[in-house]
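Let's take a walk through this one together, going from the overall build down to single residues and then out to where the chains meet. Keep the viewer open as you read.

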Amino acid sequence: MLLAELHPAEARSAAGASLSIPLSPRSPESVQLINLGAIDYAILVVYFAFVIGIGWALRRYVKSSEDFFLSGRSIPAWIASLAFISANLGAQEVIGMGASGAKYGMMTSHFYWVGAIPAMVFVGVFMMPFYYGSRARSVPEYLKLRFDEKTRGFNAISFAVMTVFSSGISMYALAKLLELLIGWSFHASILVSAIIVLAYIFMGGLTSAIYNEVLQFFLIVLGFLPLVLLGLKDVGGWAGLKEKLIPVATNAGYEASAWSSSWQHLDSSASNPMGVEWFGMAMGLGFVLSFGYWCTDFLVVQRAMAANSMTAARRTPLLAAFPKMLFPVLVILPGMIAIAVHTNSGGTLLPVGADGVPNYNLAVPAMLAHYLPSGLLGLGLTALMASFMSGMAGNVTAFNTVWTYDIYQSYIRPGQTDRHYLRMGHVATVVGIALSVLAAYATTRFNNIMDMLQLVFAFVNAPLFATFLLGMFWRRTTGHGAFFGLLTGTVAAMIHHGLTIPRGSLAGIKGGFLGPILHTYPSEMAQNFWTAIFAWTSCFLATIVISMITTRQKSDEELKGLVYSLTPRQPDAQLAWYKRPATLGVVVLGLTLALNVIFW
Amino acid sequence: MNLDVRLPIGLMFTIIGVALTGFGLVSDRAIYERSLGINVNLWWGLVLLAFGVSMLALATRAERRRRAVPENTTE
């Protein structure tokens, strides 16, 4: 399975997304692509020194649990917004989006220009007032304030388990990749990256994670940009690339522009390599999965909650949208260049498996090895490490907060001093990382269990956005409605997945496990999108019906600041026009629309 | 916050920029065959150096302003 299926916007929801990547070091396709020199190691060491140094410099500012978990709500908008991007920019995104660019071409941009960006605008303009204004310290805590204890518990526990496994699985993937490419020891890679991330979060808490995410953001951009520039120069710019992608498309039996256009071939699932049609893509990916991830996942929302004011919190995802919009250039384009060069050079760039299919997961690493000499190669590799660490730190800081506030303080030891919870935060950081390491090793031994876990997470997450949408915009939504609506959505996802299957797969983890197969999808991605659509719709309808027949436990007074109609409007008028969230949102959406049209 | 994040970022990119530029000057030309004959270490090293130095400049300017203005007037 392709790493691309693990794009964060999808990772938590894509049914069956897994990392059973064909990267076994002993497999015949194993090739040591990269040889590093002293200068490359030097750059890596400088980077390690700085990330730990930042944690060290910040350690004396951590005095309360709020400092540790929420940066004392003191982060300026621009810093929070870069961290907002970085935390989600794991190694899977860099490797996976490149792989996806090679396998599907320009259509991969939908993950950004249809998926992430509109959702980021929505969370900034509409949802942040409730998250930040309610003074909730986490997303599960918002659910507790808005609904009830059981809804919070359900979300907190599934989220905590999920973050640990997400970071474990990505740790596994990175270590495997480094072992394969450079010949580094799998154990050493895991241990070193775990210790470094542990060190800087333990010392400086969320502030340290956020500061490092800003550093990592610049490193990722400046580390991958030369690769893109060299690749583009080599293929003759965008025009040259488009031309070189024609044989890629026609060889696969599609129209000439299938790899270089984003919308043209979405009229039917048979005419594009992704196997999706416009409705499944726009609804499944654009609406359900992306809004679900960007608007409700505490990993990203936490960065905005740490902002130093309501306006800064709302501007965080909006400012983040500007660079995010350009990220396809950085992460998708290398994959597209890789497949173009591969095909036009007679299939020599990428390692090809026994079945004649190139290993798409190696698109970005192969590009690094192909174009970058010693020196910049070290920088590119450091950027890859940086993306991995920022993603892992994002998971760990979200985990320790949810564990400490929503599980430990709520169910295990309530009513302790703040010092006690701060200490628990430190313990949770160590335990969270230890569990991630365990999960990484578990992945090497029980691939199926991991696949199954990811599938379960996908079922739990797909309906979540319906709950938030109703909770925030319909005051009549009750706690029972939210909780049982979520359960209904989760079960609906499971049933849909169990009754359908992607073409060419065997019944089991890929679907069809309930016996009769009612529908065969052209691709796994199409199946994932539709599972999400079913889950969301079932949750939405069930929540409404159950809310109508149950009585509301919370009064209007209690819901003030948590529900749209009961919350005073934000006084945006006094801000300069370019600082108003609504204006920024319109500008972002306009630019995104333009990008969609240009690359139609 | 108490630590200006631009300081470590500027410092790190300055160091890496100097290292890459230096390596670009002394390295064997043959290794640039794969980068289309361009000495990318030299040029990109200079880009990183410029970025690092401007980050440092922004951080020091902000620091100077903070000193010049009494407490609690920063934004």
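Helices here are DSSP runs of H or I with at least four residues, strands are runs of E with at least two, and both are numbered from the N terminus. Counted that way, chain A comes out with 23 helices and two strands. Bear in mind that this is a predicted model.

Start with the overall dimensions of chain A. Along the principal axes, its C-alpha atoms fill a box of roughly 70 × 55 × 50 Å. Inside, 62% of the 600 residues in chain A are buried. The contacts tell you about the fold too: of those in chain A with a separation of 6 or more, 81% join residues 24 or more positions apart.

Now zoom in on helix α4 of chain A, residues 77-88. Among the buried ones are A:Ile79, A:Leu82, A:Phe84 and A:Ile85, along with A:Ser81, A:Ser86 and A:Asn88.

Step back into the loop between α3 (65-70) and α4 of chain A, and you'll find A:Ser71. Its backbone deserves a look: phi of A:Ser71 is near 55°, a positive value in a residue other than glycine. Most residues other than glycine have a negative phi.

A:Arg135 belongs to the loop between α6 (110-133) and α7 (139-146) of chain A. Is this residue buried or exposed? A:Arg135 is exposed, since it has 12 other C-beta atoms within 10 Å, and 12 or fewer is the cut-off.

A:Val288 is buried, with 28 other C-beta atoms within 10 Å. Leaving aside residues up to four places away in sequence, A:Val288 touches A:Met283, A:Ala462, A:Phe465, A:Ala532, A:Ile533 and A:Trp536. Then there's A:Ala466, 178 residues from A:Val288 in sequence, yet 8.4 Å from it in space, C-alpha to C-alpha.

Finally, look at where the chains meet. Here 30 residues of chain A are in contact with 24 residues of chain B. On the chain A side, the elements giving two or more residues are α2 (38-58), α9 (186-235), α16 (363-371) and α17 (376-412). Which of them gives the most? That's α9(A), with ten residues. By class, this side of chain A has 22 nonpolar, six polar and two charged residues.

Over in chain B, pick out B:Gly22, which lies in helix α1 (residues 6-26). B:Gly22 is partly exposed, with 15 other C-beta atoms within 10 Å. Eleven residues along the chain from B:Gly22 is B:Leu11, and their C-alpha atoms are separated by 17 Å.

Definitions and conventions. Residues are numbered from 1 along each chain as its sequence is written. Chains are lettered from A and ligands numbered from 1 in the order in which they are written. This is a predicted model: local features need pLDDT of at least 70, side-chain atom pairs count only at pLDDT 80 or more; totals for chains, interfaces and linings use all residues. Two residues are in contact if their C-beta atoms, placed from the backbone, lie within 7 Å. Ala, Val, Leu, Ile, Met, Phe, Trp, Tyr, Cys and Pro count as nonpolar, Asp, Glu, Lys and Arg as charged, and the others, Gly among them, as polar. A residue is buried if 20 or more other C-beta atoms lie within 10 Å of its own, exposed if 12 or fewer, and partly exposed in between; C-beta atoms are placed from the backbone. The expected span of a helix is 1.5 Å times one less than its number of residues.
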